[in-house]
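Student: I would like to go through the labels used for this protein and ask what stands behind each of them.

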Amino acid sequence: MTVPFKTGLCYAALAACLVAVPLSDANAQKRKDKKKDKKEAPTEAATAPADKKEGPKKLSEVVKKCKAYPGLFTMYQDTTSGTAYLLVRNDQVDKEYIYFNHVTDGVLDAGYFRGAYGANGVFSVRRYFDRLELVGENTSFYFDDKNALKRAEAANINRPILASQKIEAVNDDNTAFLIKADDIFLGEVLGQVKPSPNPNSKPGQSFDLGKLSKEKTKTAAIHNYPENTDIVVEYVFENPYPVRYGSSAVTDSRNVSVKIQHSLIEMPKNDYKPRLDDPRVGYFTDQVTDMTSPAATPYRDLIHRWHLVKKDPNAALSEPVEPITWWIENTTPHEFRPTIKAALLQWNKAFEKAGFKNAVVVKEQPDDADWDASDMRYNVLRWTSSPIPPFGGYGPSFVNPRTGQILGADIMLEYVFVTNRLQSGRIFSTAALGLEEADTELVDNRHFCNLGSKLHLNNMFGAQVLDALEGSSAIEVDKDDMIKQSLYYLVLHEVGHTLGLNHNMKSSQMIHHKDIHNRAKAEQLGLTGSVMDYPSLNLSADKEKQGLYYTTTPGPYDLWAIEYGYAPVDEGKLRTILARSTEPALTFGNDADDMRSPGKGIDPRVMIGDMSGDAVGYAIERVELVKKAYPTLKKKLITDDQSYHELRNAYLVLTGEHANSLRVISRYIGGVYVDRAFNKQEGATQPFTPVPAAEQKRAMKAIANLGFSPDAFNVPDGLYAYLQTQRRGFDHFGRNEDPQIHARVLMIHQDLLNQLMHKNVWERITNTQLYGNDYNLHNFATDLTGAIFKADLGKSVNTMRQNLQQEYVDRLAAIVEGKESYDHVSKSAAFSQLKAIQSMIRSSANAGDAATRAHRDHLKYKIDIALEAKKG
Ligand SMILES: [Zn+2]
């Protein structure tokens, strides 16, 4: 199972990383009665289990000025000093508990945001003479009880002592021990609170919290319940001389507070049966390796799922004993609540396949509720409007790492999602290009989800196209419909995460391109096989033929996945369920496979921002749609007595969508279709099948026409001069406000070349020749050179193409000169292309205007150096 205290979430640059620890178990709590401890004789303290010199004091003495918080671990807080204590009963020693923490408030500059889930692990409480220890338990390994090796199960597996606390006091009958809670929770003794410095950033480059202040850090709240003890700590960091001041959310960068709630949770006492993971279906898991198995794949990975038990075990369809109850937080705008509720309840459809009726229940948190959303006993769908929204939606859960049982979950939604604002502060060249998370390594077990930001950009794009295409009042209705569907989709998706499902970036392939606007079909079956995808906005150029913008129902894959995860059936039946994985609508591929970042992933169907069974055809149409929106953009988006800010946003969003479509197409070149099916499954193909050469060439041609051709990024005359940001005080200081069009187009070209010239892609093209790829590296590279050089050979080269050609030659030269570690076949291909370009340039040395001649002369100079260097 989980490595103890691993972090559940690490948000790239904003790493919200904390680790932690704590104490022991059991379900007592009612027996705490302060009064009765009052009259103990002072001599009794000496009978405590301590050493002779200075034994622990009497409990009643120490806590007499304290407020008691009875619960799993009874806590006390001194009413004068605020010092907090924790009481451990004898029967709680040598037992395991679950630890979990989450951020109840923070600032994004420091890497913390409200609702971020942190460490989740198992710990135990041990006695060592007059001390109590908190020990982290490793849950990653399994030893069969019947195997003699079981006796060696502790070998070479670390069991960290996270804290060791002196027993301060004992009760009269020596069955309960008091330790100082402050020493455990207020420092970083048990785990790291301040994120480690990013190894890639230089000192002073990023926001620095400074040092943890011992004086200011304090216990902010204690909540105690029979099954969990929650301690909210306000960590205060001091940095007297900050180099970076952070955003306006950081009120004073010399003092930054982060509030974290530590939860100590009793091990569930139930008959929950863990369910093992299978690579054909996408659940979050806790990885467990069977150390006593001789198998090649000794995996006993536990999927994360709720403990659902049928009220009537014999009924085919039964309500669960305890449903999964969701609360809509009282901060949620009223107008969104009906949509949220309806989307949540859609999941009941999936649970019916698994035999459960009304498995999901929705309630609204009253405005005057006596609990708040950070109370882990409630699963809350939360809504915030943050200065720097870290996402549009986020659906984390925490589990019992011993079994995978989900114990609680939340969903965070951000108001920015329904607004028309682009994230400020992004520079013109990268804004809305979708590159901001391209380098983020997403691991499937981190419940991080970027969907909200994607949908938000999608919606801005949709709004602009709808605006640009027509002018009727029906447009507003369409836009409302689109926003509503996107919110519906967002909720479906985030709830899916909290049910244990990870992403399925392959599911947008389900519907054939020609049927993609068949609304009736999409409403019935789903527009995508799963709601766990990051699909493109499904927008038709022909308004009459507009289908669903987003899918509004859990798709066939979701129903099937929930059946696998939740149906109370035996292993034989589970195998039958899994055997269906080859059905096209059940296809699956997640973040570990997807191709969003250059060089990552190999199956182009596992991609974000794509749509339909013909993602290339769909993306080509999308670029055409982008181009259709330009001509009327100025007319539609410039309003009297308003600045041009919205027009500038529109340009950024449209070029962003253009770039995204090219990215989708580019993945087919050198791609490999992957089949996760097991041997002998009906409908299974060989695991790896290279994308057919005709399909690769079609993609190459589309990239050439829509991405690299001299007019690929043309816009109507007179647009650029209006791309002005609305000024706000001195906010432009140091940043030039003129639209940097060339930088933006170059960025898009670089993004394409990052994929098309990636070492992994080039080596894969050569490797796949061994099992069916007919589009070899030489032919591909020749086509790429042609796309970048042929159209304006013998003519003037426009300045955007000059940038592109220089960029391409620089990259070829770097490969030839050995600056990058490409294989020899790749180096030869690059060498051959440089020579071909050299000869093309030679033949048109005198063609074009003076600037073109200078450009070609420069290219020739670079190529000469590269080829000379190789010779030497
Ligand atoms: Zn997601």
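The dialogue below takes the labels in turn.

Student: What kind of model is this, and how many helices and strands does the protein have?

Tutor: The model is predicted. Its secondary structure comes to 18 helices and 26 strands. Of the 872 residues, 56% count as buried. Among contacts between residues at least 6 apart in sequence, 75% join residues at least 24 apart.

Student: Why are helices H12 and H13 called roughly antiparallel?

Tutor: Helix H12 (residues 693–708) and helix H13 (residues 741–756) pack at an angle of about 160°. Angles over 145 degrees count as roughly antiparallel, and H12 and H13 therefore get that label. Their axes are 11 Å apart, and H12 passes H13 in a left-handed crossing.

Student: Which residues of H12 and H13 meet, and how many of them are nonpolar, polar or charged?

Tutor: From H12 come Ile703, Gly707 and Phe708, which meet His749, Leu752, Leu753 and Leu756 in H13. By class, this contact has 5 nonpolar, 2 polar and no charged residues. Gly is put among the polar residues in this scheme.

Student: What makes strand S21 a mostly covered strand?

Tutor: In S21 (residues 379–384), 6 of its 6 residues are buried, and buried means under 20% relative accessible area. Asn379, Leu381 and Trp383 point one way from S21, while Val380, Arg382 and Thr384 point the other way. In a regular strand the side chains alternate between the two faces of the sheet.

Student: How do you know which strands pair with S21?

Tutor: Two strands pair if at least two bridges are found between them. Strand S19 (residues 324–328) is joined to S21 by 3 bridges, and strand S24 (residues 405–414) is joined to S21 by 5 bridges. S19 runs parallel to S21, and S24 also runs parallel to S21. Trp327 stands opposite Val380 in S21, and Thr384 stands opposite Glu414 in S24.

Student: What makes S1 and S2 the edges of their sheet?

Tutor: The sheet is open, with 6 strands in the order S1-S10-S11-S4-S3-S2 and mixed pairing. Strand S1 (57–58) and strand S2 (66–69) each have a single partner strand, so one side of each is left without a neighbour in the sheet.

Student: In what sense do S4 and S11 pair, and over how many bridges?

Tutor: Strand S4 (residues 84–89) and strand S11 (residues 176–180) pair in the antiparallel sense over 5 bridges. The cut-off for a pair is at least two bridges. The bridge partner of Arg89 in S11 is Ala176.

Student: Why does Thr104 count as buried?

Tutor: Its relative accessibility is 12%, and the cut-off for buried is under 20%, so Thr104 counts as buried. Thr104 is in strand S5 (residues 96–105). Not counting residues up to four places away in sequence, Thr104 touches Arg114, Val232, Lys259, Ile260, Gln261 and Ser374.

Student: What is noted about the phi of Asn358, and what about that of Ser612?

Tutor: Most residues other than glycine have a negative phi. Asn358 is not a glycine, but has a positive phi of about 50°. Ser612, also not a glycine, has a positive phi of about 80°. Asn358 is found in the loop between helix H3 (337–353) and strand S20 (360–364), and Ser612 in the loop between helix H8 (571–579) and helix H9 (615–629).

Student: Which residues of H3 are buried, and what phi does Gly355 take?

Tutor: Buried residues of H3 include Ile340, Ala343, Leu344, Trp347 and Phe351. Just after H3, Gly355 takes a positive phi of about 95°.

Student: Why does Ser540 count as buried, and where does it lie?

Tutor: Ser540 has 9% relative accessibility, and with the cut-off for buried at under 20%, Ser540 therefore counts as buried. Ser540 lies in the loop between helix H6 (519–525) and helix H7 (556–566). Leaving aside neighbours within four places in sequence, Ser540 is in contact with His517, Lys545 and Gln546. Ser540 and Val465 are 75 residues apart in sequence and 9.7 Å apart in space, C-alpha to C-alpha.

Technical notes:
Residues numbered from 1 in each chain as written. Predicted model: local features only at pLDDT ≥ 70, side-chain atom pairs only at ≥ 80, totals over all residues. Heavy atoms only, no water. Axes fitted to C-alpha atoms, helices over the stretch in contact; angles between N-to-C directions. Helix = DSSP H or I, 4+ residues; strand = E, 2+ residues; numbered from the N terminus. Parallel < 35°, antiparallel > 145°, perpendicular 65-115°, else oblique. Left-handed = near helix turned anticlockwise from the far one by under 90°. Contact = heavy atoms within 4.5 Å. Buried < 20%, exposed > 50% of the residue type's maximum accessible area, 1.4 Å probe, protein only.
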